[in-house]
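Open your viewer and keep the selection tool at hand. We will go from stop to stop.

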Amino acid sequence: MIRLHLIGALALASAMVALPSARAQDEPAEPEAPAAEAAEMPRVSFLKDVAPILVESCVGCHNPKKAESRYDLTTFASLAKGGAMGEGIMLEPGDPDLSYFVELIRPDGVPLMPWDGEPIAEEKRMIIERWVAEGAEYDGEDPAADWVSLVSKAREIVIPDAYPYPMPITALTFTPTGDAVMTSGYHELNTYTLADGSLTERSRGVAERVYDVAFSPDGKYLAAASGSPGQAGEATLWTVGEDGTLSDPKRLVESEDAVFCVDFSPDGTRVAFGGADRAIRVFNVESGERLAEVEDHADWVLDIAFSPDGKRLATASRDKTSKLFDAEAYESLVTFPGHGEPVYTVAFAADGKMVMSGGGDKQVRLWNPDEDAKQVRAFGGFGGPVFDLVLFAEGQKLAASGSDAVVRVFNPADGKVVQTLQGHDDWVYRLAVSPDGAWLASGSWDGEVKVWNTADGSLRTTLIAVPGHQGEAVAAQADAD
């Protein structure tokens, strides 16, 4: 938290007058320290004080991938240079009134920045103005360096022992043993046992929000996709010990925007990630070597999946398409454009011959990539966008979930609903199937994880993702039972 004395304090201090006391009117007054010295404040640091404000309010629209008005704020050099509307006039060191950058963030700025966002709070704006008044100096080593990543790395992270409220379940998987689930947390991954809902492990070392997590098929590695939208993204790979502990973390991706999805190849030798920078990146699991980087989507890559034989890679994107890639040459093969809305999730049929996708049009669609990207079938009945898909029972069942808080299980061969699993009260954002196929887990936006019997659809347990409040979580579980 940045603490400051506002400029008004300076005015107050300079107006103070030394008055003699009533008891010693005839005695000379003691000299007082100069008012400016008494109210002296440390100089504003660009990296410590100004840059975090810009990351919070400005960088989401002014970065190399999305440079609105051709203005990129991710290096000091480009910030000072300006964009289409203010090239060469953005900063006038020593004079905020002549600095166009300051004019745009003032309440009467035209256009007022951030555009279509909350105005920068007055106390934060005054930090920026004071920095300009003091000379607009850059206190980093290289003005052309990406200071967004520098700020992200330098920011102190405090993970609370007890969360103030449950965390949304944006990432969910079963552990390799199948007796616990791992969920997203705040800068951590949290593991809960199915037996009593207790929190058994808090694994640190991820970005603020974890969007996807997966174990390799042999259980020897764990990969996570995480980040903060418009600020930073990370893709991390750990080695998993025999006792389940994580070690040897490798940061495979460090990007300027969130990483949203991850999947391992069926043989466990490769891992693929996708994210907000539109890039698909594939790595060798053993060495960490990057094998490919592909940019074919026009917007965020929200999900990614290897085919059962590992020869193809399917993606889902906010650009309203799903795509299929050759996972050996890493070339685009075909595009499925039928949703007409953002596509949130993608999966392969058990035989790898069809691609399945779910999106904002409230539909699950099946595609045949080898017949001119023909749509084979569509499943409806959803009350809102479809966020996740998972196949199980050797491909004979397909579970789908979304914003209507219902988990539906389909027969993918004919699209008929086999089971309707109800009980959530919020968006069901993630699904996972246990290694033995006996259990289906669903995670919702209100921090609740439900575990269902895949055979008959009965509810086994309910877990609450709220570290530090396990008594409440177990009580909630008991109520659900």
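Where is the place of Leu431? Select Leu431: its place is in strand S24. Before going on, note that this is a predicted model, in which local features need pLDDT of at least 70, side-chain atom pairs count only at pLDDT 80 or more, and totals for chains, interfaces and linings use all residues. Residues are numbered from 1 along each chain as its sequence is written, and side-chain values use heavy atoms, with hydrogens and water left out.

**Stop 1: Leu431**

Leu431 is buried, with a relative accessible area of 6%. Buried means under 20% relative accessible area, exposed means over 50%, and partly exposed is in between (1.4 Å probe, protein chains only). Now show the contacts of Leu431, where contact means heavy atoms within 4.5 Å. Leaving aside neighbours within four places in sequence, they include Leu172, Asp388, Val390, Ala399 and Ser442. Then select Ala171. It sits 260 residues from Leu431 along the chain, yet their C-alpha atoms are separated by 8.6 Å.

**Stop 2: the whole chain**

Zoom out and colour by secondary structure. The chain has eight helices and 27 strands. These are DSSP runs numbered from the N terminus: helices are H or I with at least four residues, strands are E with at least two. Of the 481 residues, 50% count as buried. Among contacts with a separation of 6 or more, 44% are between residues 24 or more positions apart.

**Stop 3: the largest pocket**

Which residues lie nearest the centre of the largest pocket? Select Phe215, Asp263, Val390, Leu391 and Val433. S20 gives the most, with five residues. The volume of the pocket is about 1,300 Å³.

How are pockets found? On a 1 Å grid over the protein atoms alone, a pocket is an open set of points with protein on both sides within 12 Å along at least five of seven lines; a cavity is a set where a 1.4 Å probe fits but cannot get out; lining residues have an atom within 4 Å of a point. Grid points are joined across faces, edges and corners, and a volume is the space filled by probe spheres set on the points.

Colour the pocket lining by class: 28 residues are nonpolar, eight polar and five charged. Ala, Val, Leu, Ile, Met, Phe, Trp, Tyr, Cys and Pro count as nonpolar, Asp, Glu, Lys and Arg as charged, and the others, Gly among them, as polar.

**Stop 4: the cavity**

The count comes to one cavity of 30 Å³ or more. Select its lining: Ile280, Val282, Val294, Leu313, Phe325, Asp326 and Tyr330. Strands S10 (279-284) and S14 each give two or more residues to that lining. By class, six lining residues are nonpolar, none is polar and one is charged.

**Stop 5: Lys323**

Stay with strand S14 (residues 322-326) and pick Lys323. Buried or exposed? Lys323 is buried, at 9% relative accessible area. Its side chain makes a polar contact of 3.2 Å with the side chain of Asp296. A polar contact is a pair of N or O atoms within 3.5 Å; within protein, one must be able to donate a hydrogen and the other to accept it, and residues adjacent in sequence count only if both atoms are side-chain atoms. Lys323 also touches His297, Leu313 and Phe336, among others.

**Stop 6: Thr269**

Move to the loop between S8 and strand S9 (270-275) and select Thr269. At 38% relative accessibility, Thr269 counts as partly exposed. Its side chain joins that of Asp267 in a polar contact of 2.9 Å. Beyond four places in sequence, Thr269 is in contact with Phe283, Asn284 and Val285.

**Stop 7: H6 and two alanines**

Select helix H6: its buried residues include Arg125, Glu129 and Trp131. Just after H6, Gly135 takes a positive phi of about 120 degrees. Next, pick Ala136, in the loop between H6 (122-133) and helix H7 (147-154). Its phi is positive, near 50 degrees, in a residue other than glycine. Ala136 counts as buried, at 8% relative accessibility.

Finish at Ala405, in the loop between strand S21 (397-402) and strand S22 (407-411). Ala405 has a positive phi of about 70 degrees, although it is not a glycine. At 11% relative accessibility, Ala405 counts as buried.
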